[in-house]
Structure formats: structure tokens, C-alpha cells
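Q: Got a model here to go through. Can we take it piece by piece?

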Amino acid sequence: PYIVDTACRDAFEKFYLRVNSGRKLNWQTTQGSADVRAIYFSSQTTNASSQRRHDLVVSTFQMCILALFSNVSESLSLQHIIEVTKITPITELKRHILSLCTPKHRILLRQSKGRGISDDDSFTVNPHFTSKLKRVRIPLVARDSIDPSQRGGDGSSMDPDSSGLPRAVEEERRHLVQASIVRIMKIRKTLQHNDLIAEVTRQLSHRFYPQPNFIKICIESLLEREYLEREPDTRAYKYLA
């Protein structure tokens, strides 16, 4: 989108090439994230007292999609979003849009019903979105939510971002890891990252061996839900709940 291209690409490239002459800058748009401030009004008035503010933590692609709705009240079609953002492949664009339409994080409202996004779908901003958190992290849905071919023959998840386990098993393990983290932190109150990983692995070793990356994802989820918080300037966590 023009607003993103002007603010990020043009401005930063000019700055970077001025400071680092002779270098080439390549943009890895699939690796980035952004904070988007959304301001909602509780009524038809635009008084400051009626404002609700949320900082949405989104991917770069989601930022580009949301930028199209800035100061726009009408709906935007999927085809329009495809043409303006030029995000490819289309399945990845649909995945990022659908992540903005989930029941828990319904930032956008879509015209169609059902699980997937149809080619003639359209979207509008949800003016009634609210959250207990001021800073809201918007996770991406699994790829098999968009492409049924990503599922195994028994209906289990075959998302390449997952461990390859059936979704039910992975979900059960996620609950076990999160429960273990909470138990440990409730007793220890404060713990270093590596120590927490080691203790969770030790406690669950009689059931399965959780991978460090999987434990880290569970920690991030608990941070987002404010069960834990990071200690400033350290790799330690503090128990809150």
C-alpha cells in the first residue's frame, strides 16, 4: 500500500543507503512484525472520552492489509486487497486476512460465512472490537484453515509449522506444557529462561520430551495472557497470576 511504501520503503531506504553507501537492501517481508494502533469509539461521537485504544501486534502482511482500512468506512473486496497489496501466494494473503477475522480477534468482519475465505469475499472494520488487554497480539491461523490439502487423511493437522503431530495431540501437549510452566513459576516466582526450559522438560519427561521451541511458544502465550512478565534487562520471567 502507498502509505506503507512511503513510510517504510522509501524513507528507510533513503536513510540506509545514505549511511551505508555501496550496499543493497533486500526486504524480507515474511519475517517482520509491526504495532498498529487502533482507535475505537464507543458511540457515534468522536469525543476523546469515548475512545478505546488497542495496540495490535501483527505481521508485516497484516499491517499492509489493515493500512488499507485507515479512514475507510466502506467494505473492501478480497480482489481489491490482492491488487493493492500484491501479497503472494494468495493462500498466504488469505491466511493473514482470516487471522484478523477469528472469534477471539475479530478485527475485521467478513461478508461470507463458514471457515474459509471465498474469492468474492469482502471485509469491513469491526467497530465493536474490544479486549481486556491494551496490547493485543494477533496470532496466525494454521495453514490448513485455508488449504484443506494441508490436512492428513484422518483430518489431522499437517501444518508445516507444527510438529507433524495430530492437532488433538499437539493441543493436549500444549496444555500440559503451559500447566507445568504455571506450576513451576507459582512456586519459584522468578526464574531464568534456560532454567525454566530445563525444569519443564524434566517434569514432563515421563510423558514426552517437549522441544525448547515448543516450550518457548507456550511461554509467549502465557506472557500475552499476563500469567507471566519479563524481568527488565534479563532473560528471566516473573509469575503474576
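Q: Which helix is Phe12 in?
A: Phe12 sits in helix H1, residues 2-19. Keep in mind that this is a predicted model.

Q: Is Phe12 buried, exposed or partly exposed?
A: Phe12 has a relative accessible area of 37%, so it counts as partly exposed.

Q: Which residues form the nonpolar patch on the surface?
A: The patch is made of Phe12, Phe15, Val19 and Trp27. Together they have about 370 Å² of accessible area.

Q: Switching to the sheet. What is the strand order?
A: The order is S3-S5-S4, in an open sheet of 3 strands with antiparallel pairing. Strands S3 (76-77) and S4 (108-110) are at the edges; each has a single partner strand, so one side of each lacks a neighbour in the sheet.

Q: How many bridges pair S3 and S5?
A: S3 pairs with S5, residues 122-125, over 2 bridges in the antiparallel sense.

Q: And what stands opposite Ser77?
A: Ser122, in S5.

Q: Where is Asn126?
A: Asn126 is in the loop between S5 and strand S6 (135-137).

Q: Buried or exposed?
A: Asn126 is at 9% relative accessibility; the cut-off for buried is under 20%, so Asn126 counts as buried.

Q: What does Asn126 touch, leaving out residues up to four places away in sequence?
A: Tyr40, Arg106, Ile107, Leu108 and Leu109.

Q: Which atom of Arg106 lies 2.8 Å from a polar side-chain atom of Asn126?
A: The backbone oxygen of Arg106.

Conventions. Residues are numbered from 1 along each chain as its sequence is written. This is a predicted model: local features need pLDDT of at least 70, side-chain atom pairs count only at pLDDT 80 or more; totals for chains, interfaces and linings use all residues. Side-chain values use heavy atoms; hydrogens and water are left out. Two strands pair if DSSP finds at least two bridges between them. Helices (H or I, at least four residues) and strands (E, at least two) are DSSP runs, numbered from the N terminus. Buried means under 20% relative accessible area, exposed over 50%, partly exposed in between (1.4 Å probe, protein chains only). A polar contact is a pair of N or O atoms within 3.5 Å; within protein, one must be able to donate a hydrogen and the other to accept it, and residues adjacent in sequence count only if both atoms are side-chain atoms. Contact means heavy atoms within 4.5 Å. Patches are made of residues with over 30% relative accessible area and no salt bridge: like charges are joined within 9 Å, nonpolar side chains (Val, Leu, Ile, Met, Phe, Trp, Tyr) within 5 Å. Accessible areas come from the Shrake-Rupley method with a 1.4 Å probe; for residues, only the protein chains shown count as cover. A salt bridge is a side-chain nitrogen of Lys or Arg within 4 Å of a carboxyl oxygen of Asp or Glu.
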